[in-house]
Amino acid sequence: MKKILVIAVFCFAVNAFAQDSTAVYKKRVLESTEVDFLTSYYTQDGNNASVTGGIGTEKLTDFTPTIVVSVPLNADDVLTVDAGISAYSSASSSNLNPFDSSSGASAGGGDDLEDDDVFNTNGPIGSPWVASSGASQSDVWGSVTIDYSHSSDDRNTILNVDASFASEFDYSSIGFGGGITKLFNDKNTTLNVSGKVYLDSWRPRYPTELDSYYESNGNLNNGFFQNVPIYDQLGNEINKNGVVAWKPVMSPFIEDKSRNSYSVSVSFSQILSRNMQFSLFFDLVQQKGWLSNPMQRVYFGDVGNFYMGNPSSIPNYTSTTNKDVFQLADDIERLPDSRFKIPVGMRLNYYLNEMFVLRTYYRYYSDDWGITSHTAEVEVPIKISSKFTLYPSYRYYTQTAADYFAPYEMNLSTSEFYTSDYDLSEFNANQYGFGVNYTDIFAKAHIWKFGLKSIDLKYNNYKRNTGLKANIVSAGFKFIMD
């Protein structure tokens, strides 16, 4: 599931005082309404889909348009509304029901096979390497965040509060938070403390075969499985009433549908010289509730394998050449009901000359699931004119595996917790980016009543050593209202 992005936009101003005997002039925090149009297009591909137990296609596309409107309520207060959607199509998620059913468990309907399921002489077919056309193939995630900020008369204190709501086909979330920012030392030093709470609720969807098994009370001759052959590892059709028959390890249905997150963030920024700025930040994050994803299958190495589809393809099951056989899940992902995270990071920006600026970033992360990670990034904005800036960038990321991760068929049924989600595996990644920024300080270009203040375009190429590859194109347009 996707996490909620909260964007708080603050514009800081220096006080100017009118030297007369009766009044003091106070510059507005935000002179006029600003509107940001943000959008990104993301594509990825790989061979370690978590919905199909750590193997299978990871093809995904995502389009995310967002609008952020900042309105000055008076000289001191600003109201910001951030609203966006994320429309995605996922080959991996579509295989919640790999048999292309529009009515099976992945669509929230009945368990019987329908006319639009894909059949051959061996019954319904599916594959972790082929996207199905089920209801979970695509969806739209939507969110809205409202932030209110107040600046003191001397502009050395900023208070803010925010509230948010987000929803997707299998979960919804509400959030709220607030913070305080203090400026010291003639505004050369900045300290910020903030807190966030997100209260999520699952509307869980389960792999079709697991959901159908318990809906039919474990009867493999009824409902979804009626008149459908099931095969063992050797490709032999099993006796559904026999001793050796497919059976899930346990019921996938979850009772605790909450997933709550609580965080405290502290950041410190210091201007060290005319050319250098340093900042330090850290977060404390506690998550509670159902932290596993009920859509994600797990296959155990100490449990027999059973399949639906074409038995002749079983020997090639883990190959992309497999187009017509699917392995029935042993269970869903199961992880602890709490997680504590501590990210700590720093930034150092250095002004080299009128053309070049050096921006560096480092973050260390640790949690009680056994993951530690390091992120390092460098960006070099190049000012080629008064309005245009180019900014190439590079980011390196590496992490250790969670204690509960194992690849396909490597987890054990005797374990309390297990997952084959490669986001929790050991990997490293490289990301190369290039962007261009156009800034019109005086907003001479206009669209209707809006002056175009800036345009920001960026492309990123991302690669993991696990084989996952992604491309991201993003754009941002900032307008000010006349």
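Which residue of strand 3 does Val68 stand opposite? I looked it up, and the residue opposite Val68 is Asp82.

**Ground rules**

I'm working with a predicted model, so local features need pLDDT of at least 70 and side-chain atom pairs count only at pLDDT 80 or more, while totals for chains, interfaces and linings use all residues. Residues are numbered from 1 along each chain as its sequence is written, and side-chain values use heavy atoms, with hydrogens and water left out.

**Strands**

My helices (H or I, at least four residues) and strands (E, at least two) are DSSP runs, numbered from the N terminus. I call two strands paired if DSSP finds at least two bridges between them.

I started with strand 2 (residues 60-72) and strand 3 (residues 77-90), which run antiparallel and are joined by 11 bridges. I also noted that strand 2 and strand 3 make a hairpin, with four residues between them. Next I followed strand 3 to strand 6 (residues 138-151): that pairing is antiparallel too, over 13 bridges. There I found Asp77 opposite His150 of strand 6.

Then I picked out an open sheet of three strands, in the order 10-14-15, with antiparallel pairing. Strand 10 (231-232) and strand 15 (325-327) are at its edges with a single partner strand each, so one side of each has no neighbour in the sheet. Strand 10 is joined to strand 14 (residues 306-309) by two bridges. I checked Asp232, and its bridge partner in strand 14 is Phe306.

**Rings**

My rule for rings of Phe, Tyr and Trp (its six-membered ring) is that they pair if their centres lie within 6.5 Å; planes under 30 degrees apart count as stacked, over 60 as edge-to-face and the rest as tilted. By that rule I get 20 aromatic pairs.

How are the rings of Phe37 and Phe479 arranged, edge-to-face or stacked? Their centres are 5.8 Å apart and their planes are at 80°, so I logged the pair as edge-to-face. This pair links distant parts of the chain, with Phe37 in strand 1 (residues 34-45) and Phe479 in strand 25 (residues 469-481), 442 residues apart. For burial I use relative accessible area: buried is under 20%, exposed is over 50%, and partly exposed is in between (1.4 Å probe, protein chains only). Phe37 comes out at 39%, so I put it down as partly exposed. Phe479 is at 9%, which means buried.

I also looked at Tyr397 and Phe427, a tilted pair at 5.7 Å centre to centre with 40° between the planes. Tyr397 is in strand 21 (residues 388-399) and Phe427 is in strand 22 (residues 427-439), so the pair ties together parts 30 residues apart in sequence. I found both Tyr397 and Phe427 buried.

For charges over rings, I need NZ of Lys or CZ of Arg within 6 Å of the ring centre and within 35 degrees of the ring normal. I noted Arg464 over the face of Phe427, at 4.0 Å from the ring centre. I have Arg339 over the face of Trp369 at 4.2 Å from the ring centre.

**Cores**

I define a nonpolar core as a set of buried Ala, Val, Leu, Ile, Met, Phe, Trp, Tyr and Cys residues joined through side-chain atoms within 4.5 Å. The largest core has 30 residues, and among those touching the most other members I listed Leu220, Phe225, Trp246 and Tyr317. Helix 2 (208-215), strand 14 and strand 15 each give this core at least two residues. Strand 14 has the largest share, three residues.

I found a second, separate core of eight residues, with Leu291, Trp369, Ile371 and Tyr404 among them.

**Asp170**

Is Asp170 buried or exposed? I get a relative accessible area of 5%, so Asp170 is buried. Asp170 lies in the loop between strand 7 (157-168) and strand 8 (171-184). Its contacts beyond four places in sequence include Trp202, Arg203, Arg205 and Met295.

**Confidence**

I finished with pLDDT, the predictor's confidence in each residue, from 0 to 100. The chain averages 89, and 89% of the residues score at least 70. I flagged residues 1-23, where pLDDT stays under 50, and residues 101-119, where pLDDT also stays under 50. Where pLDDT is low, the predicted coordinates should not be read in detail.

Notes: Contact means heavy atoms within 4.5 Å.
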